Amino acid sequence: MTNNMFFIANWKMFGDFRSVNSVKKVIKFSKNKKYSKVQIVYCPPYTLIDKLLRVTKNSKIKIGAQNCHFSQNPGPFTGSINTDLIKSIGAKYVIIGHSENRLLGDSNHIINLKIKSALKKKLKIIFCIGETLKEKRNNKTNTILSSQIRRGLKNINKNNDIIFAYEPVWSIGTGIVPKTKNLEKQVLTIKKMIIKIWKLKNPKIIYGGSVNQKNINELKKISLIKGFLIGGASQNYKNFIDIIKKTIN
Ligand code: PGA
């Protein structure tokens with residue numbers, strides 16, 4: 001297990017000003033030398049980005065957005081935030097292609113535009129891919145993943161600013177995680193897909209979907225996985241710290 005693993009907290013539509021205190025606990029924890037290489041990223045709702053940037057200023061914790069609009073230019077898009085605005089406030093990461101946004105209409109084409117826009121602004125991208133339960137049952141997993149990768153990365157040159165987050169949709173928020181053997185096999189297949197498209201030697205692949213302090217000992221056995229995208233369990237700082245400790249110990 002390498003130390004420079006990613007632990008990305010996806011708070012989704014949770015968190016208010018009181019949640020900032022829980023981040024302070026994680027900052028304190030992250031100062032321990034043992035975890036000096038660990039890369040912690042918080043992706044709170046847009047409303048908390050500025051606050052968390054201030055709180056984490058003197059730490060190595062990074063802040064990201066959970067989504068962005070595809071337009072690189074300002075425009076009449078009520079309620080939207082683009083990568084220019086995310087960059088201008090000082091965030092370093094953006095999650096793109098999360099299944100909850102694919103469900104709301106983010107096609108592979110729109111995701112491709114968002115990735116291009118984020119790269120232009122030099123943001124690091126957490127690019128989510130994953131199959132639904134129906135697709136899995138119909139043996140479509142690899143077809144779906146390959147098309148999400150291929151179309152999402154269309155006309156984008158290989159680079160190291162994209163972290164691939166494999167999140168089976170049937171695992172998100174359900175408490176169900178793939179069996180270790182199956183997950184290992186799937187991540188290897190994804191790695192091969194990315195290498196085939198991009199000729200990138202070591203794509204960074206992380207896993208997301210019901211990661212918690214109980215299943216982390218099992219998940220961390222898969223050496224191909226370079227970190228975790230954590231929803232529910234990241235909202236409680238004790239659980240989040242526990243996950244990091246167990247992974248690195
Ligand atoms: P979960 O969410 O950990 O609550 O399953 C993960 C995600 O949606 O990124």
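Is Phe7 buried or exposed? In this predicted model, Phe7 has 0% relative accessibility and therefore counts as buried. The cut-off for buried is under 20% relative accessible area. Phe228 also counts as buried, because its relative accessibility is 0%.

The aromatic rings were examined next. In total, eight aromatic pairs were counted. One of them joins Phe7 and Phe228. Phe7 belongs to strand 1 (residues 6-10), whereas Phe228 belongs to strand 8 (residues 227-230). The two residues are 221 residues apart, and their pair links distant parts of the chain. Elsewhere, Trp11, Tyr42 and Phe240 make up one aromatic cluster.

The ligand site was then described. The residues around the ligand include Asn10, Lys12, His98 and Glu167. Also among them are Ile172, Gly173, Gly209 and Ser210. By class, seven residues of the shell are polar, three are nonpolar and two are charged.

Lys12 places a polar side-chain atom 2.7 Å from a ligand oxygen atom. Ser210 uses a backbone N or O atom, which lies 2.7 Å from an oxygen atom of the ligand. For Gly231, a backbone N or O atom lies 2.9 Å from an oxygen atom of the ligand. Taken alone, the ligand exposes 290 Å², and the protein buries 95% of that area.

Conventions. Residues numbered from 1 in each chain as written. Predicted model: local features only at pLDDT ≥ 70, side-chain atom pairs only at ≥ 80, totals over all residues. Heavy atoms only, no water. Phe/Tyr/Trp six-rings, centres within 6.5 Å; stacked < 30°, edge-to-face > 60°. Helix = DSSP H or I, 4+ residues; strand = E, 2+ residues; numbered from the N terminus. Buried < 20%, exposed > 50% of the residue type's maximum accessible area, 1.4 Å probe, protein only. Near = heavy atom within 4 Å. Polar contact = N/O pair within 3.5 Å; in protein donor to acceptor, adjacent residues only side chain to side chain. Areas by Shrake-Rupley, 256 points an atom, 1.4 Å probe, with all protein chains shown as cover. Nonpolar A, V, L, I, M, F, W, Y, C, P; charged D, E, K, R; others polar.
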